[in-house]
Amino acid sequence: MKADQTALPLESNLTWQNSILNKSKRSQLKAQKPYIIWFTGLSGSGKSTLANALEAELYKLSHHTYLLDGDNVRHGLNSDLGFSSQDREENIRRIGEVAKLMVDAGLIVITAFISPFQKDREIVRKMVSPNEFIEVFVNTPLEICEQRDVKGLYKKARNGEIKNFTGIDSPYETPNSPEVEINTSGQSIEHCIKQI
């Protein structure tokens, strides 16, 4: 479908609608500071396992959370995206916007995405206030991730059945200065959660 060339630019037709309640009031009601806790790392590094364990621990402490997982989001919100560099960038941009809305709602948002590009993670960091983005780099070596291969994706990538697979034929840019760095190959889940 072609865009209507006679329409005014989108920005000209939009006005921000302020609401009576704000992030501060919503956070106060929940008795917590909202954050994005952003797990990044290779497929099979343990991001989803750690994110689930962290959410369960925060629940025990009566915190209000929501977990956004890479595969789950691609079943719905981002089901129209592939795995090209551009689609990966758009995947992370959309997740960033959703996470930002959840932070505004006063939630602790936990995300588990490979998010291979540093610039995309930095864009999301800048979407929220300073100190509201906690980057957790799950720095598990490729050989360990490949040994785990819980979804059989590394085998498919090595056989040429999957293209643009991070760590094989698509790069992963390690975080410059993550708030937390974890290697799941030599630590228990409990230890990792305490570290976070």
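User: In what order do the elements of the protein chain run from the N terminus on?
Analyst: Happy to start there: this is a predicted model, in which local features need pLDDT of at least 70, side-chain atom pairs count only at pLDDT 80 or more, and totals for chains, interfaces and linings use all residues. Residues are numbered from 1 along each chain as its sequence is written, and side-chain values use heavy atoms, with hydrogens and water left out. Helices (DSSP runs of H or I, at least four residues) and strands (DSSP runs of E, at least two residues) are numbered from the N terminus, and the protein chain has 8 helices and 5 strands. Read from the N terminus, their order is α-β-α-β-α-α-β-α-β-α-α-β-α.

User: What percentage of the residues in the protein chain is buried?
Analyst: Along the principal axes, the C-alpha atoms of the protein chain fill a box of roughly 50 × 50 × 30 Å. A residue is called buried under 20% relative accessible area, exposed over 50% and partly exposed in between, using a 1.4 Å probe and protein chains only. Of the 196 residues in the chain, the buried share is 40%.

User: How do helices α4 and α5 lie relative to each other, roughly parallel or roughly antiparallel?
Analyst: Two packed helices are described by the angle between their axes and the distance between the axes. Here the axes of α4 (residues 85–104) and α5 come within 9 Å and cross at roughly 20°; axes are lines fitted to C-alpha atoms, for helices over the stretch in contact, with angles from 0 to 180 degrees between N-to-C directions. Angles under 35 degrees count as roughly parallel, over 145 as roughly antiparallel, 65 to 115 as roughly perpendicular and the rest as oblique. The α4 and α5 helices are therefore roughly parallel.

User: What is the hand of the crossing where α4 passes α5?
Analyst: The rule is to look at how the near helix is turned from the far one by less than a right angle: anticlockwise is left-handed and clockwise is right-handed. For α4 passing α5, the crossing is right-handed.

User: What kind of aromatic pair do Y154 and F165 form?
Analyst: Rings of Phe, Tyr and Trp (its six-membered ring) pair if their centres lie within 6.5 Å, and planes under 30 degrees apart count as stacked, over 60 as edge-to-face and the rest as tilted. Y154 sits in helix α7 (residues 153–158) and F165 in the loop between α7 and β5 (180–182), 11 residues apart, and both are buried. Their ring centres are 4.9 Å apart with the planes at 85°, so the pair is edge-to-face.

User: Which residue lies over the face of F83?
Analyst: A charge sits over a ring if NZ of Lys or CZ of Arg is within 6 Å of the ring centre and within 35 degrees of the ring normal. K33 does this over Y35, at 5.3 Å from the ring centre. Over F83, at 4.0 Å from the ring centre, lies R74.

User: How many residues apart in sequence are the parts tied together by K151 and D71?
Analyst: A salt bridge is a side-chain nitrogen of Lys or Arg within 4 Å of a carboxyl oxygen of Asp or Glu, and this rule gives 15 of them. K151 and D71 meet in one, at 2.6 Å from N to O. K151 has a relative accessible area of 48% and D71 one of 37%, and each is partly exposed. K151 lies in the loop between α6 (142–148) and α7 and D71 in helix α3 (residues 70–74), so the sequence separation they bridge is 80 residues.

User: Which residues are linked with R125 in a network of salt bridges?
Analyst: R125 pairs with E135, the closest N and O atoms being 3.5 Å apart, and both residues are buried. R125 also meets E179 at 2.8 Å, N to O; that pair links helix α5 with the loop between α7 and β5, 54 residues apart. Together with R125, the network holds R121, E122, E135 and E179.

User: About what value does the phi of N131 take?
Analyst: Most residues other than glycine have a negative phi, and most peptide bonds are trans. N131, in the loop between α5 and β4, is exposed with a relative accessible area of 64%. Although N131 is not a glycine, its phi is positive, at about 70°.

User: And near what value is the phi of D149?
Analyst: D149 lies in the loop between α6 and α7 and is buried, with a relative accessible area of 17%. The phi of this residue, other than glycine, is positive and near 35°.
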